Structure formats: structure tokens, C-alpha cells
Amino acid sequence: MSIRYNEATKQFILETASTCYQIEIDELGFLHHLYYGPKTGQGDLAYRYRIYDHGFSGNPYDMRNNRAFSLDSMPQEYTSFGVGDFRVTSIRASCSDGSRCFEFRYSGHEIIDGKYAIPDLPSVYNNDDEVQTLVVSLIDGPANIAIRLYYGVFENLDVITRTAEIINWGHETVWLRKASSLCLELPFGSWDMIHFHGRHCMERQPERVPLFHGIHTLSSGRGMSSHQHNPFVILCDRTATEDSGACYGMMLMYSGNHKTEIELDQFDSVRVVMGVSDDRFRWELTPGASFRAPEVILSCADGLTQLSHRFHRVVRNNVCRGEYKLSHRPVLINNWEATYFDLNEEKIVALAQKAADIGVELFVLDDGWFKNRVDDNAGLGDWTPDTNKLPNGLDGLIKKINDMGLKFGLWVEPEMVNENSDLYRAHPDWAMTAPNRAPMMARNQLVLDLSREEVHEYIFDTLSGLLSKYNITYIKWDFNRPLADVYSHSTPSPRQGEVTHRYYLSLYRLYERLTKAFPHVLFEGCAGGGGRFDAGMLQYSPQIWCSDNTDPISRLTIQYGTSFGYPVSAIGAHVSATPNHQTGRLTPLSTRGTVAMMGAFGYELDMTKLSDEELEEMKGQIKRFKELEPMIHNGLYYRLSSMKESGHYFAWQFVAPDKSRSLLSIVVTNPLANSTPVHVRLKGLDSDAIYSVNGEFECTGSALMNAGYTFPQLTGDYPALQLDIIKVK
Ligand code: DGJ
């Protein structure tokens, strides 16, 4: 049993294999957070909580004689609003009489076997794991607004999921202005925050900063989880390292506007509130209606590596779905950086033939294949093949590609429309534009208003039409601009604050319908590279194009940052041309291969321009990747270098689940003269076993993990080395 309720102490105890979460219903019915951390072997942790008299923090009316009792300092599971807790709030709303005060007190609970689901939203699901759900209900009496807090306890995964449901049991409409998924308090300790910021072509750059007093906000209002702030954050002890120290990870399973607020308050206590962004959010809750917040995946671990491993496991096994989640992902060639829009059947066939000859398994036809799409000014919305470029139609092209033994994949950007398209001319009101205002343009395109049912149906019909008509086994689903001028021409004006969230509800439903209708198709997410790299998208597309930056040296940091929360199998990574198209940098093919092998591996360059030697080397890379893929995608991934070392080198390691083999990789980003040798201590091996190190010598796992390994000196331009560590005894 992972969830217990102690009637005598009024405490909930939630336990996973190595962690424990405790909640207490206090004497007034407030839901008081007691503890989240390593298992303590102690049922009741209420002794840990003492309340001091805090001047200027007020008291609930029934505690007016106890000046120490204040919502302003009490660690809570979800906050009230407007009644004396002046910290970051989980909820904000206004009633029809204009009042904006809510005090939520316990009204009941349920402990249920299995995992709850969230209608219309992606969520972590249960395989054969031990999972229980706790639902705690709270109510604000005067307004008759209820909150149900959900806790999914995945015992063996060491993960707890959280979400909230807000229900209007009153007789009047209530306007929700904020409805977070999670409130987590860390009342003691001193913490660093690790977050993943960035920009287009430089996503998920890790930054570790000490918390300072005040509120840190990580958010996106771009209508996408964004290149700028990923909805994943870690709080770790100031002294935490990869190997030890308290680390808490919080990942929002959501692809739209999000916000995480981390407050270090006057009493040095930390509160984290995470959920859909409240900026421009306003949700009509009519009597009887409820709002479901997206899910947060929560884990706590000893060291950053263990935390990453827990997230990798849950995201790979319990978030991703479908037949590709754990099985082989076809090695692909994508024509984007080979041809851009300047494609035709002849070029594509020539490229595909080169790729087929060296062992590539899937050809992906990127942007530019449809009517009027000669550049990015026209065509989006009209998904019929361009017969000027493809005189034999898609059918003819696919047949030729299939005849080479390659599968066929297609790029689409179904949420978008160009003004210069038949779709826009027929339905200008389907685009999101604000009344009487020229819209912001980005890449000459507008966003379709997916919150409208007819738009949803149009996209479903278009995509299912393509998938039914052609032999397509892979879809790259792109999204190349943020949402601005957010306005739905079919939504009444008071409810315009619902449009962005409704857009995502509709998008998830679309994905749900398509993945059910076409279970054999592999979907790869994309948003100008990694602008929607989040656990919401990963529910439907088990891999996401990680970045439009294909330079291996830039990719090292992008993939390193991504690896803190997301599994390697989710990271779309390609070998591209040198000099690189984004940075102009020259790098060896072996380095490009080494970096792309930290992901769902593929190629994206004009193979018809390569020498026989280069093609031969690629053939070797493909063979090697196919052999190593089960370990790379489903084994354990270790970061062996830190950001401090990245100015000199990046080193990382994969270990097979049974520890029988490992792959040690290094890329030197800046060879140094007369430098100290690069030395790493390997991880995750079997201490007592004997391993062969690249066939050069043998030693124990313990030696490699404790005495470590010293790399030979690597010189030249961005050299890379991969070492096979194979158990021999
Ligand atoms: C952005 C994507 O990230 C690229 O890989 C490519 O598909 C282009 N869009 C095509 O327009």
C-alpha cells in the first residue's frame, strides 16, 4: 500500500520505494504540507513543524487568539486566496458579486487503486506498476467552490503525479483567473534552482542559480511550451552534485502557456507553484462545471543523475505511448538541409538512393512538397502535392522510395495557414487575428484557431486523408510560430481568456484521435526545432526534433540540458553537413555521428555530394547505431562532465540495463595545450565484473568507477572518441 491515512493523527502518508510525502489535515481543516523527501521510517513527521509568532502575518478568524497560526507561514498543499496568505498563490478567482476571497478547508478524501486520468489532457499512465491515487477534497463554504487535489503515487518509479480540479458547486458563475496544478513547499534548507532557458536554435540551456528572496518566474506566454523556458525545473540542495544531495524535479505535462513561480519568502521557506500561465487566462466556471489542470510529474532523488534517471524512466515508459516507445526507431534521412524548398522528384530520388545504399531505413520529405510552397510565403493550409515538383504525385514518389527498401515519412505543419492559400481565402476567420487589428506575422504565417470545432475537424480530415491515401509510416509535425493576437472569432468576448487553453485541449484530442486511428505511424514532434519539447507532446510523439541547430558542438549543450528531464530516446538528432548551416563550423563526421547517437538518430544533408569515404563512414555509423540503440535508448544515461568542463570537453556514458556493456563518449570542444589529462570516473557498471575497454585492456568495473579512466590526448578540430566497455567476466 503506497498511501495510508491515519485517522488518529489525520495524516496522509504517501510512500514510493525510496521517498515519502506527508500531509496533515490541521485543526481548522487546512491541508498542511509536512514533508517530501527520502523515506524516514517514521510515520508521523508533525513534530517537525513548529509555529512561531510571526508579526504582520494575520490569523484566520477562528484562530484570532493564536497569533502564531497564520496561512502566511504555513506550508500548504494548495493555497487559499485573498484571506491572509500573501505569498504566491495556487488559485485566483472572482465571484459574481465581485468578491475574490476563498478559504479552502478539508471536506473528504478517497484512496483509490490505480492511477486517475485527466479527461482531455495527457497524463502519466500505469503499466504494471504499483499505483494508488489519493484524492483530497477541499471546499470554500461561502462561495461553494471545491478543489480536488489528485496525487498519483507510482511506488516503483519513485514518482508522484499531481493535479487539481476546481469545481463550482454554487449557483452563480465564477471566473477562474489562475488554477495551478501544483503547490509544493520546502520549508527548510537552502536551495539552488536549475532551469532550462534558451532561444530558437539554442534550447534548454541549463542554468543553476541560488534562490534569492523574492519570486523567480519561469514562464511562456508564447502559446507553446517554448524555446525560451522549458516547463521543467529542479530545486536542489546548494551542495548537490550529479551523485548526491537532495534534488526535486517538477515537470509540467503541458505544451501551451505555462508558469512556474518559486518564492523564497520572509521566513526562508520555499514555495513552488506550477501550472497553466495565469497571464491572459480567464475561465468561466458555470454552476456545476469544473476545470482540470494539467499534470505535474514530481520526483525527489539523491543527486541529479538519480533524478534524471527517474524522469527518463517515467517519461519513456509511462508518458510516451504507442508501438515505437521502446522499439527500434528507423534511422532516417530528412531532406530539409539537403534541398530546403528547392526539391523535386529527381533530387529526392537521388538522395533516397544514396541513403538506402548505406542502410538508412526511412526517407522524410520535409517542407516544400505541397502546392505553391516554393518558399515560406504560401501554401500552408493546402495539403495537396505540388505536381510541378512531383510530377508523379506523392504516390509515384513514395513508390520509388519504397522500392528502394525505404519507408516514407512526411512533414506537415497542420496548425498553420498562409494568407496566400485556398484555405485562408475560403475561411479567413479560421486564423487567429484580433478584431480590427493587423496581426503579428511570423514566417509569413498565421495560426489556425484550433479552439474551433470546424478547424479541428478540417485538420483531422486532412491528416487522416493523407495517412489513408499514401503509404506514410512517419509524420514530422511542425509548428513554426508563437501564438499572438489570440482571439477566437467563434468565442463570446468574456471567454476569450479560455482560447489558448482550449487550443491545446483540441490539439491533444486531435493527436489522440490520429494516434488511435493510425497506430503504426511514428509521429515526431517539432516546433522550429525544440519549441514544444515537453511531456505533453511526448505522450503522442515519442521523439521530438530537439533543435534546428544541427551543429554538433552547439548540440552538446542543448542535448546536455535536455537530458536532465527527458530520455535520450525522445531527442531527435541528425548528422548534418559541414560547414554547419547554422554556425558555419567545420567538424569531423565522427564527431557529428557521436553527438547524433545521443538521440533518435538520423541524417539531414545532401548525400549526393559526399565522397565514397564519407558514405562508407556513415554506413559504419548506421550499423553501429542499430547495434547500440537498445542500450542508448533504453539503458541508463550518465553525464560525466559538468557545465564547468564544457569549455574544454563533454563526456557521457550509456550503460545497458543488465550492465553487460557500456558506451563511453567524449567530444573535445576546445583542445588545450599542455593540459591536465581528461580523466573521468565511469558509472553504473558491475563492480565485480571484468570489462574490456575498447579491446585494449581489461579491468574491473570497480576500477573504472573508482580509479577511473584517462582519455588519450585528443587534438585537432572538435575530435570525438567512442569507447566500447564490454563485460567479459
Ligand atoms: C522548422 C523545422 O524545425 C525544420 O526542421 C524544418 O522542418 C523547417 N521548419 C521546415 O519549414
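The legends below describe close-up views of a predicted model.

Residues are numbered from 1 along each chain as its sequence is written, and side-chain values use heavy atoms, with hydrogens and water left out. Local features need pLDDT of at least 70 and side-chain atom pairs count only at pLDDT 80 or more, while totals for chains, interfaces and linings use all residues.

**Figure 1. The whole protein chain.** The protein chain has twelve helices and 39 strands (DSSP runs numbered from the N terminus: helices are H or I with at least four residues, strands are E with at least two). Its radius of gyration is 27 Å, close to the 27 Å given by the globule rule for 729 residues, so the chain is as compact as a globular protein of that length. The radius is taken over C-alpha atoms, and the rule is 2.2 Å times the number of residues to the power 0.38. Along the principal axes, the C-alpha atoms fill a box of roughly 85 × 70 × 45 Å.

**Figure 2. The closed barrel.** Eight strands with parallel pairing form a closed barrel in the order E22-E23-E24-E27-E28-E29-E30-E31 (two strands pair if DSSP finds at least two bridges between them). From one strand to the next the twist averages 30 degrees; angles run from 0 to 180 degrees between N-to-C directions, and axes are lines fitted to C-alpha atoms, for helices over the stretch in contact. Five bridges join strand E30 (residues 571-576) to strand E31 (residues 600-604) in the parallel sense. His-574 has Gly-602 of E31 as its bridge partner.

Figure 3. Helix H6 (residues 453-469) lies across strands E24 (407-412), E27 (474-477) and E28 (522-525), and runs at about 165 degrees to E24. H6 also packs with helix H7 (residues 499-517) at an angle of about 30 degrees, the axes being 10 Å apart. H6 is therefore roughly parallel to H7 (angles under 35 degrees count as roughly parallel, over 145 as roughly antiparallel, 65 to 115 as roughly perpendicular and the rest as oblique). The crossing of H6 and H7 is right-handed; a crossing is right-handed if the near helix is turned clockwise from the far one by less than a right angle, and left-handed if anticlockwise. Residues in the contact (heavy atoms within 4.5 Å) include Phe-460 and Leu-463 of H6 and Leu-510 and Leu-514 of H7. By class, this contact of H6 with H7 has five nonpolar, three polar and four charged residues. Ala, Val, Leu, Ile, Met, Phe, Trp, Tyr, Cys and Pro count as nonpolar, Asp, Glu, Lys and Arg as charged, and the others, Gly among them, as polar.

**Figure 4. Helix H10 between two packing contacts.** Helix H9 (residues 552-562) and helix H10 (residues 589-596) pack at about 20 degrees with axes 10 Å apart, and are therefore roughly parallel to each other. Their crossing is left-handed. In H9, Pro-552, Ile-553, Arg-555, Leu-556 and Gln-559 meet Thr-591, Arg-592 and Val-595 of H10. The contact of H9 with H10 divides into four nonpolar, two polar and two charged residues. H10 packs with helix H11 (residues 612-634) at about 25 degrees, with axes 11 Å apart. H10 passes H11 in a right-handed crossing. Leu-589, Ser-590 and Gly-593 of H10 make this contact with Glu-614, Glu-617, Met-618 and Gln-621 of H11.

**Figure 5. The open antiparallel sheet.** Four strands in the order E11-E18-E17-E14 form an open sheet with antiparallel pairing. Strand E11 (182-186) and strand E14 (214-220) are the edge strands, each pairing on one side only. Neighbouring strands of the sheet are turned by 10 degrees against each other on average, direction ignored. E11 and strand E18 (residues 270-276) run antiparallel and are joined by five bridges, with Leu-182 having Met-274 of E18 as its bridge partner.

**Figure 6. The E12-E13 hairpin.** Strand E12 (residues 191-199) and strand E13 (residues 202-210) run antiparallel and are joined by seven bridges. Arg-199 has Met-202 of E13 as its bridge partner. Two residues lie between E12 and E13 in this hairpin, and Cys-201 in the turn has a positive phi of about 75 degrees.

**Figure 7. Backbone details in two loops.** Most residues other than glycine have a negative phi, and most peptide bonds are trans. Thr-578 and Pro-579 are joined by a cis peptide bond with omega of about -5 degrees; Pro-579 lies in the loop between E30 and H10. Asn-694, which is not a glycine, has a positive phi of about 55 degrees and is placed in the loop between strand E36 (690-693) and strand E37 (697-700).
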